[in-house]
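Here is a short report on a protein model, written for reading beside the structure.

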Amino acid sequence: TIAKFKNATGRNLKPIECHDIMCKIGEVVVVGGVRRSAMISLSNINVRFRLNAREVEAQTDPRMHVIDFLRQNFELSSPRVGCEHGVCGACTLRVDGDIVRGCLMLAVQLEGSSVETIEGLNISGEISDLQQAFHERNATQCGFCTAGMLMASQDWLSKAKTCSRSAIREHLSGNYCRCTGYEAIVDAVYKVAIARGISSVKEDA
């Protein structure tokens, strides 16, 4: 049997001859009357993209997630590996202008895209006022969630037309802080929103 399939980038892979073994990734096949999960070792794929305003490229296993790819190949420490289920928000980064979970996205999906992490935003000065507000309100605490919180906060600040503490809490609800520093974080984001000229609205009673 000859199996033909595409990898995560949509590129056609070479036909693979499947005798009594697996044919496709993720497919369940019957071998000798026993159902088994299909697994194939794929060659690394070269990925080219823009990382924090620099053109870069590196090879990756087709199954590697963005969070591991960036940390291992480019020594970026700000995106953190937390829950690995897209729940805690510690791995939040920006791809083509939108925040994403680095633990849910495959590295091969970065081909041709623009990726930004806190390291990049720090160099550009885009969030210098937000970082200062976090520092003043002691919103960093242990620091594990801080990069993800800053990315999510800046995402809200860049899109918000009006400002309220409840709106900030809702937007940051996908980012966990184990130190329970939410009030300080909301304080910091609210302060920056007002300073940036975002109109405050009355909170619901």
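Contact here means heavy atoms within 4.5 Å. This is a predicted model.

**Helix α1**

Helix α1 spans residues 66–74, and its buried residues are V66, I67, F69, L70 and F74. They cover an arc of only 165° around the axis, which puts them on the same side of α1. An α-helix has 3.6 residues a turn, so residues three or four places apart point the same way.

Just after α1 comes E75, where phi is positive, at about 55°.

**Helices α3 and α4**

Helix α3 covers residues 128–136, and helix α4 covers residues 146–159. The two pack at an angle of about 125°. Their axes are 11 Å apart. That angle makes α3 oblique to α4. The crossing of α3 past α4 is right-handed.

Which residues meet here? From α3 come L130, Q131 and F134. From α4 come T146, M149, L150, S153, Q154 and L157. Sorted by class, the contact of α3 with α4 has five nonpolar residues, four polar ones and no charged ones.

**A closer look at T146**

T146 lies in helix α4, and T146 is among the α4 residues that meet α3. Is T146 buried or exposed? Its relative accessible area is 12%. The cut-off for buried is under 20%, so T146 counts as buried.

Leaving aside neighbours within four places in sequence, T146 is in contact with F134 and T140. F134 belongs to the α3 side of the helix pair.

**The whole protein**

How many helices and strands does the protein have? The secondary structure comes to six helices and 11 strands. The protein has 205 residues, and 41% of them count as buried. Take the contacts with a separation of 6 or more: residues 24 or more positions apart account for 50% of them.

How values were computed. Residues are numbered from 1 along each chain as its sequence is written. This is a predicted model: local features need pLDDT of at least 70, side-chain atom pairs count only at pLDDT 80 or more; totals for chains, interfaces and linings use all residues. Side-chain values use heavy atoms; hydrogens and water are left out. Buried means under 20% relative accessible area, exposed over 50%, partly exposed in between (1.4 Å probe, protein chains only). Helices (H or I, at least four residues) and strands (E, at least two) are DSSP runs, numbered from the N terminus. The arc is that of the directions from the helix axis to the C-beta atoms. Axes are lines fitted to C-alpha atoms, for helices over the stretch in contact, and angles run from 0 to 180 degrees between N-to-C directions. Angles under 35 degrees count as roughly parallel, over 145 as roughly antiparallel, 65 to 115 as roughly perpendicular and the rest as oblique. A crossing is left-handed if the near helix is turned anticlockwise from the far one by less than a right angle, and right-handed if clockwise. Ala, Val, Leu, Ile, Met, Phe, Trp, Tyr, Cys and Pro count as nonpolar, Asp, Glu, Lys and Arg as charged, and the others, Gly among them, as polar.
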